[in-house]
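Here is a short report for a reader who is new to this structure.

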Amino acid sequence: MSDKEARDKRILRLSRRKALKGLAAGIGALALPAKDSPASVWEAFFQKNFRELGKEDLQKVLARLEKEYSAQFGKAVKVKATPPVEGVLFGYALDLSRCIGCRRCVYGCVRENNQSRDPQIHWIRVLQLNKEKGVYLEEAEHYYNPAKVPEPGRFYMPVQCHQCKNPPCTKVCPVQATWTEKDGIVVVDYNWCIGCRYCMAACPYGARHFNWKKAGLPAADLNTDTHYLGNRPRPVGVVEKCTFCIQRVREPSGRYTACVEVCPVGARKFGNLLDPDSEIRYIIENKRVFIFKEDLNTQPKFYYFYAT
Amino acid sequence: MKMIWEFFKGTLVLVFRGSKAYYAWVFSLLGLMAVGAFAYAHQLQAGLIVTAMRDQVSWGFYISNFTFLVGVAAAAVLLIIPAYVYHWKPIKEIAVLGEMLAVSAMIMCLMFVTVDIGRPERFWHLIPKIGILNFPQSLLAWDVVVLNLYLVLNLVISVYILYNLYHRREPNKSFTTPLLLFSIPAAISIHTVTAFLYNGLAARPFWNASILAPRFLASAFCSGPAFMIMLFQVIRKYTKTEIKDEAIFKVAELIAYSMFLNLFLLGAEVFKEYYSNTIHLAPMQYLFQGLHGHATLVPYIWTAMIFNVTAFLLFLIPQTRENFVTLNIGCVLIFFGVYIEKGMGLVIPGLAPDVLGEIYDYSPTGIEFLVSLGIWATGLFVYTMLLRVAIPILNGDFHVGEDGTTPVIADQMFIVQRPERVSADAGK
C-alpha cells in the first residue's frame, strides 16, 4: 500500500468516525431529555420491574415518586409498598339480593383510588339487568340513569376485578408488568407496563382500564395515602385496575376496601379466605353463591351470592 | 470490508438516480410519511385519546392493519413453493421480490404495533435479559420473537443473494436453499402465531374458534399473491425483468383455491354460530347484520364478501383469469376484500359487543388514518428502495467493475416504460 493510499484511508476513517459521532449527538439531542432535565427522568426511564427491585432500590424509587407527586400536586404524598401479610388470601362477596344499584361504590372507589376524573375511569361497572332474564349481558344497561333506584323489575350487578386464581390477563402480558401477589391481589406495575392492552382483550370481566389521556386529577381530590401497586397517580398510556384497595387492606389495622365501607345496604363483604371463621368463608359455605362466567375457568376470588 | 463499503456507496448512488416518474413516486411517499409523522407526534403528545379506541374496543385500526400485513408478509414468501414445484424460470426473482416484500411488510407490522402501544419508549422492556420478555407464556412475546426472526431471515436471504449476484457469482446454494426452505415454515408460523394471539383468549368468543389460524392462512394466501401479481406486471412493464404470463396465471389459480378454502371455512363458522344460536352468536350478528341498532361494520363486511366472492369467480374461470383486465380487477378486489375481512372485520367483532355486553361503535379517527397512511407510505418507500437496488442487480445493470471493487451502474432511469412491452400489450 502506498503512502498516499494509507493516508487517504486514514482520512476516510477519521471522517467516518466524525460523521458517526455527529450522528450520535444529533440523535441524542432529538430523542433524549435535555441536559438540564432532572436526573430522575433517567432514573424513571431505566427503573427495573417492581419485582426485581432490591430493598434499597425500592426505597429510592418510592422516594423519587413521592417527590415527583408532591411537586406535581402541591401537597405531601405518601407512596407505600406494604408487602402482603403472611397467611392472608383476600376474597370478596357481593350480595345481589341487597344491591340497589346506587353506584356509591363506583364513586367511592374513584375517590379512594385516584382515578382520572376527566376522562372518567371507573374500576366498578354496575349493570342494570332484567329480573325476568337474569344475567343476560346482551341486554344489560350500563348507563341507566333514573331519578331513583332500584327500578321495579330490575336487579343490579356490580362488576369489578375478580382477582382470579387463574387470571388470563397476567398470562398474556408480554413483559410481566402484571402478576398475582401472595395475598391474591392482581396488580400492575405502572412503571413497567408498555400499554399494549393485550390484558384488556384477555379479561372476561372488563376490569382493566387504560389511561387514554393524561389523568385529569385535581390536586384537591387527591388521596395522598397511596401504594406503589395501587392508587398512586398513574401515568398516561398504561393499564390500571381494582387492587382490593391494596393501600388499605394490607395495613396492620386491617381496613376494609372503600367500596365495602361506602355501600349503604351492606351488600359487599370482604375478608381472608384462609381464615375459617371469617365472614367471607361463612358466606361461601352457607349461602347460594355463584361465580360469573364460571365456564372460563378463571377461578375468581370474587363471589356473587343471594343472602335473602 | 472495502468491497462492502463500495457496494453500499453504489446502492446510495443508485437510489438517487431515476426517471421523473421515480422521483415523483418517491417524493409523494416522503410527503405522506411526513404527514404520518406529524400525526404520530400529535398522538404521542396527547395520548391515544386522539384515536377512537376506548376501554370497550381497546384495539382498532392499527392492529387491524398489523394483522393484515402479517398475512401479506407470510404469503409473499409462500410463493416460493409454487415457483419450485412448477420450475418457474424467474425463481430467483420471485424469491428475492417476495422476501423483500416480506421485509417491507414486517417493517410496517412493527411500526403498526409501535404506534398502538401506550408507552413506546419502554420497548426495551421486551428485550430478553435487559427487560423481561414473558416467553413462552405470552403469545405476544411469541409474536415479537417470530416477527423479528422472520424480518432478519428475509433480509439475510435477499441481501445475500443480491450481494453475490452483484459480484457476478452464483449464490452458494448450500447456504441459500436451506434458508429459503426454512423461510416457508417460518412464514406459516408467523401467521399462525398471530392467529393464536387472538385465538387464545377465551374471553372473546369471536376469536376463540379453532378455525381461526387455518382461516388466517387461507386468506393470507389470497391477499399476498394478489399483490405480487400486480407487482409482477408493473415490474415487467417498467424494467427489464421477464416474468412469464404462465407464472402469473398459475398464481391466480392458486388464489382461487385459497379463496375457496377461505370462504368454506367462513361458511363453517357462520353455520356453527347461527345454528347453535348461543350467546356467542352476538359478535357475528354485530358484524353481518347489526345488533341492537348498531350496524357500523355491516357495510364493510358485505363489501368484503362481495369483493371476495367476485374475485373468487374471476380467478376460477380460466377465461377471466387469463385476461389481464379481469385478472387485475380480481387482484384489487381480493386485496381490499381481505384487507377488510382480516382487518377491521376480524379485530372489531372480537371486542364488540364487549365482555359485559356493551356495544361501542368504533370507527377510526382522522389521526388514525393519517398515521396509518404514513406507515403504508413508509412500507412502500422501503420496498421501492429495495427494488431500486434489487432489480438492476437481477438484470445485471448494477454489478462490480473489472477492478473487483468499484461498482458499475448501467441502469440510470428506473421506472421507464419499455417500448417493446407497450407494443406487445397493444397487440393483445
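## A proline in a loop

A:Pro174 is found in the loop between α5 (168-172) and β5 (178-180) of chain A. The model is a predicted one. Is A:Pro174 buried or exposed? A:Pro174 has 25 C-beta neighbours inside 10 Å, so it counts as buried.

Which residues surround it? Leaving aside residues up to four places away in sequence, A:Pro174 touches A:Cys196 and A:Tyr198 in chain A. From chain B, A:Pro174 touches B:Leu126, B:Leu133, B:Asn134, B:Ser138, B:Leu140, B:Ala141 and B:Val144. A:Tyr198 is 24 residues from A:Pro174 along the chain, and their C-alpha atoms are separated by 8.3 Å.

## Where the chains meet

Chain A has nine helices and 12 strands. Of its 308 residues, 40% count as buried. Among contacts in chain A with a separation of 6 or more, 65% are between residues 24 or more positions apart.

One open sheet of chain A has four strands, in the order β10-β2-β12-β11, with mixed pairing. β10 and β11 (288-290) of chain A stand at the edges with a single partner strand each, so one side of each is left without a neighbour in the sheet. The twist averages 30° from one strand to the next.

| Strand pair | Sense | Bridges |
|---|---|---|
| β2(A) and β10(A) | antiparallel | five bridges |
| β2(A) and β12(A) | parallel | four bridges |
| β11(A) and β12(A) | antiparallel | three bridges |

Some partners can be named. A:Phe90 has A:Asn272 in β10(A) as its bridge partner. A:Ala93 is partnered by A:Tyr303 in β12(A). A:Phe290 stands opposite A:Tyr304 in β12(A).

How many residues of strand β2 (residues 90-95) of chain A are buried? Six of its six residues are. In a regular strand the side chains alternate between the two faces of the sheet. In β2(A), A:Phe90, A:Tyr92 and A:Leu94 lie on one side, and A:Gly91, A:Ala93 and A:Asp95 on the other. Both faces of β2(A) are covered.

Helix α9 (residues 279-286) of chain A lies across β2, β10, β11 and β12 of chain A. It runs at about 110° to β10(A).

## A helix pair in chain B

Two packed helices are described by the angle between their axes and the distance between the axes. In chain B, the axes of helix α3 (residues 61-78) and helix α7 (residues 173-199) come within 8 Å and cross at roughly 165°. α3(B) and α7(B) are therefore roughly antiparallel to each other. The crossing of α3(B) past α7(B) is left-handed.

Which residues make the contact? From α3(B) come B:Thr67, B:Val70, B:Gly71, B:Ala73, B:Ala74, B:Val77 and B:Leu78. From α7(B) come B:Ser183, B:Ile184, B:Ala187, B:Ile188, B:Ile190, B:His191 and B:Thr194. By class, this contact of α3(B) with α7(B) has nine nonpolar, five polar and no charged residues.

Technical notes
Residues are numbered from 1 along each chain as its sequence is written. Chains are lettered from A and ligands numbered from 1 in the order in which they are written. This is a predicted model: local features need pLDDT of at least 70, side-chain atom pairs count only at pLDDT 80 or more; totals for chains, interfaces and linings use all residues. A residue is buried if 20 or more other C-beta atoms lie within 10 Å of its own, exposed if 12 or fewer, and partly exposed in between; C-beta atoms are placed from the backbone. Helices (H or I, at least four residues) and strands (E, at least two) are DSSP runs, numbered from the N terminus. Two strands pair if DSSP finds at least two bridges between them. Two residues are in contact if their C-beta atoms, placed from the backbone, lie within 7 Å. Axes are lines fitted to C-alpha atoms, for helices over the stretch in contact, and angles run from 0 to 180 degrees between N-to-C directions. Angles under 35 degrees count as roughly parallel, over 145 as roughly antiparallel, 65 to 115 as roughly perpendicular and the rest as oblique. A crossing is left-handed if the near helix is turned anticlockwise from the far one by less than a right angle, and right-handed if clockwise. Ala, Val, Leu, Ile, Met, Phe, Trp, Tyr, Cys and Pro count as nonpolar, Asp, Glu, Lys and Arg as charged, and the others, Gly among them, as polar.
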